[in-house]
Amino acid sequence: MTTDDTLWDLEERFWTQGSDSARHATAKGAVFVLPYPAGILQGDALWREKDVAQRWRSVEMSERYLSRQNDIAVLAYRVSAERSDQPIYEALCTSTYLNDDGKWLRLAHQQTPVVDPREG
């Protein structure tokens, strides 16, 4: 598996495997920017917020971009995620990873929900 494949696999597991998996792959002091009402979260607050790393039944990541410089990688993509009894969630996302002694850890994650302004 290439480094790029490893990073995309980590990102997909962030969505599908729940908070224990996400915590294991997230750097101490990481910062997440999530839609209202969660907002900006850092450190232990990440794991107290119910919207962080909830398990999704399925995710599709499209419009994928990856930029890697030495030990830093940034992933940008559009996600379409599905959970039981909820409408499909669509967002533009970025995640930043650091290669810490051979292990990729998420330093930051951001989600911007996709909303058609014509529907507003």
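**Which residues are buried in H1?**

Let's work through this and a few more exercises together. This is a predicted model, in which local features need pLDDT of at least 70, side-chain atom pairs count only at pLDDT 80 or more, and totals for chains, interfaces and linings use all residues. Residues are numbered from 1 along each chain as its sequence is written, and side-chain values use heavy atoms, with hydrogens and water left out.

**Exercise 1. Find the buried residues of H1 and describe how they are arranged.**

Step 1: Helices (H or I, at least four residues) and strands (E, at least two) are DSSP runs, numbered from the N terminus. Buried means under 20% relative accessible area, exposed over 50%, and partly exposed in between (1.4 Å probe, protein chains only).

Step 2: Read off the residues. Leu7, Trp8, Leu10, Glu11, Phe14 and Trp15 are buried in H1.

Step 3: Look down the axis of H1. The buried residues fall within an arc of 155 degrees, so they line one face of the helix. The arc is taken from the directions that lead from the helix axis to the C-beta atoms.

Step 4: Ask what lies over them. Their cover includes helix H2 (18–24), E1, E3, E4, E5 and E6; here, contact means heavy atoms within 4.5 Å.

**Exercise 2. Work out the strand order of the sheet and name its edges.**

Step 1: Recall how pairing works. Strands of a sheet pair through backbone hydrogen bonds, either parallel or antiparallel. Two strands count as paired if DSSP finds at least two bridges between them.

Step 2: Write the order. The open sheet has six strands, E2-E1-E6-E5-E4-E3, with mixed pairing.

Step 3: Pick the edges. Strand E2 (39–42) and strand E3 (58–69) each pair on one side only.

Step 4: Place the helix. Helix H1 (residues 3–16) packs on the sheet, and its direction makes about 140 degrees with that of E3. Axes are lines fitted to C-alpha atoms, for helices over the stretch in contact, and angles run from 0 to 180 degrees between N-to-C directions.

**Exercise 3. Describe the two hairpins that involve E5.**

Step 1: Take E4 and E5. These strands pair in the antiparallel sense over 10 bridges, and Val79 stands opposite Ala91 in E5. Six residues lie between the two strands, and Asp85 in the turn has a positive phi of about 60 degrees.

Step 2: Take E5 and E6. Strand E5 (residues 89–100) runs antiparallel to strand E6 (residues 103–113), with 10 bridges joining them. Cys93 stands opposite Gln111 in E6, while Asp100 has Lys103 as its bridge partner. This hairpin has two residues between its strands, and Asp101 in the turn has a positive phi of about 55 degrees.
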